[in-house]
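Colleague: I am new to this structure. Please show it, and then I will ask how the terms are applied.

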Amino acid sequence: MPRPVHFEIPAENPERAMQFYSSVFGWKFQKWEGPIDYWLIMTGEKSEPGIDGGLMPRRDPAQPCVNTVSVTNLDESLTTVDAGGGKCVVPKMAIPGVGWLAYCKDTEGHIFGMMQADASAR
């Protein structure tokens, strides 16, 4: 069964947001070495329940926080979203060395991501 594996927080001021979450929850941030400004969020020990996330500069004032669900086949999952009344809003893209990602909207207007792990994604 696909499960949430990652969340993303868009921030008007990433440094301010990182300071807030560090002071409130003790979360740790590490700059991602990818092609965009992105910080990985470590929310706790791997042995504890929970998921880690990411923080990025906000690109749109209405950009929401997003949960990403792990799927085994992104193309099939996109077809299932469409058949269920949802819609793909950001097409499949490669996250180099990580996998394939797309963003969708559910029947209630919520945005969510779906990620297919694939270390060879380019």
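**Terms and values**

Modeller: Buried residues, those under 20% relative accessible area with a 1.4 Å probe and protein chains only as cover, make up 35% of the 122 residues in the protein. This is a predicted model, where local features need pLDDT of at least 70 and side-chain atom pairs 80 or more, while totals for chains, interfaces and linings use all residues. Residues are numbered from 1 along each chain as its sequence is written, and side-chain values use heavy atoms, without hydrogens and water.

Colleague: How do you know that the protein agrees with a compact globule?

Modeller: The rule is 2.2 Å times the number of residues to the power 0.38, with the radius of gyration taken over C-alpha atoms. For 122 residues a compact globule would be near 14 Å, and the protein has 15 Å, so the value agrees.

Colleague: Which residues make up the largest nonpolar core?

Modeller: A nonpolar core is a set of buried Ala, Val, Leu, Ile, Met, Phe, Trp, Tyr and Cys residues joined through side-chain atoms within 4.5 Å. The largest has eleven residues, including Phe7, Ala17, Tyr21 and Trp39. Two or more residues each come from β1 (4–11), α1 (14–25) and β3 (39–42).

Colleague: What is Tyr21 in contact with, leaving aside neighbours within four places in sequence?

Modeller: Contact means heavy atoms within 4.5 Å, and Tyr21 has such contacts with Ile9, Gly26, Trp27 and Phe29.

Note on methods: Buried means under 20% relative accessible area, exposed over 50%, partly exposed in between (1.4 Å probe, protein chains only). Helices (H or I, at least four residues) and strands (E, at least two) are DSSP runs, numbered from the N terminus.
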